[in-house]
Amino acid sequence: MVYAFLLSFLAGLSTAIGGTLPLFQKKVSSTFLCFSLGLSAGVMVYVSFMEIMSESIHMLSNMFNEKIAGLIALACFFLGMFFIALIDKVIPENENPHEFGNEFSLQKMGLFSALVIAIHNFPEGLATFLTAYEDPAQGISIAIAIALHNIPEGITVAAPIYHATGKKKKAFLMSLFSGLAEPLGALIGFMLLKTFFTTDVLSYIYAAVAGIMVYLSFDEILPTAETYGKHHIVIWGVLLGMFIMGVSLALL
């Protein structure tokens, strides 16, 4: 349990790591940001389809025949998407971090980004914890994917706040706050689920987590990257992210 919580905590801290990067630059490089976002999207999509979904189907196959197991995993996959879409829906559009409205100041954009990223990180922390609790090796894979995803998120939070206020401490603390939602999600999630925490339950959660990751990649990360007008940089980031994740999963 301690190992699983530590992985979730470290994955969350990567948001703060991303939050420190803009503080060393007078101007954030759009090329760097686009590549980082593409990289994280590639990692998350690859690990969702090639690892998490296949593991979910494999575990469900112990309870159902292969065809039924695939259909159940598919249903949970889209339920995960529906869940994260609801989170987006209840937040006003102009306050959503991937809806960059020109009418909002940089500082407000950074603060709202921190709030919504914290909400998004909550189920990610639970996913990392539950996976690592059941399978330490696969927990590392998900932690890597989420950490890579969190680094550019930290940049998204810290960069506008820093450039709007000139306060490095405030920018860093806000990125740290959004990342700490992950270990918080892990802790609360475990307390809620410990009474019925079984491998069977995890098989459903795996597929839902895959849906969450894919939705975030296509609805949040890639559209944000494209707003900077460097399409090919984003694509190369996606391809490299998939390659890195593929190699890491093969080695694990």
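**Paired rings and packed helices**

Q: As what does F78 count at 47% relative accessibility?
A: F78 has 47% relative accessibility; buried means under 20% relative accessible area, exposed over 50%, partly exposed in between (1.4 Å probe, protein chains only). The model is predicted: local features need pLDDT of at least 70, side-chain atom pairs pLDDT 80 or more, while totals for chains, interfaces and linings use all residues. Residues are numbered from 1 along each chain as its sequence is written, and side-chain values use heavy atoms, without hydrogens or water. F78 therefore counts as partly exposed.

Q: Which residues do ring pairs link into a cluster?
A: Rings of Phe, Tyr and Trp (its six-membered ring) pair with centres within 6.5 Å; planes under 30 degrees apart are stacked, over 60 edge-to-face, the rest tilted. F77 and F78 are edge-to-face, at 5.3 Å and 90°. F49 and F77 lie 5.8 Å apart with planes at 35°, so that pair is tilted. The cluster is F49, F77 and F78.

Q: Is F77 buried or exposed?
A: F77 has 6% relative accessibility. F49, at 43%, counts as partly exposed. F77 therefore counts as buried.

Q: How are α1 and α6 oriented to each other?
A: Helices are DSSP runs (H or I, at least four residues), numbered from the N terminus. α1 (residues 2-20) and α6 (residues 168-179) pack at about 160°, axes 7 Å apart. Axes are lines fitted to C-alpha atoms over the stretch in contact (heavy atoms within 4.5 Å), with angles from 0 to 180 degrees between N-to-C directions. Under 35 degrees is roughly parallel, 65 to 115 roughly perpendicular, over 145 roughly antiparallel and the rest oblique, so the two helices are roughly antiparallel.
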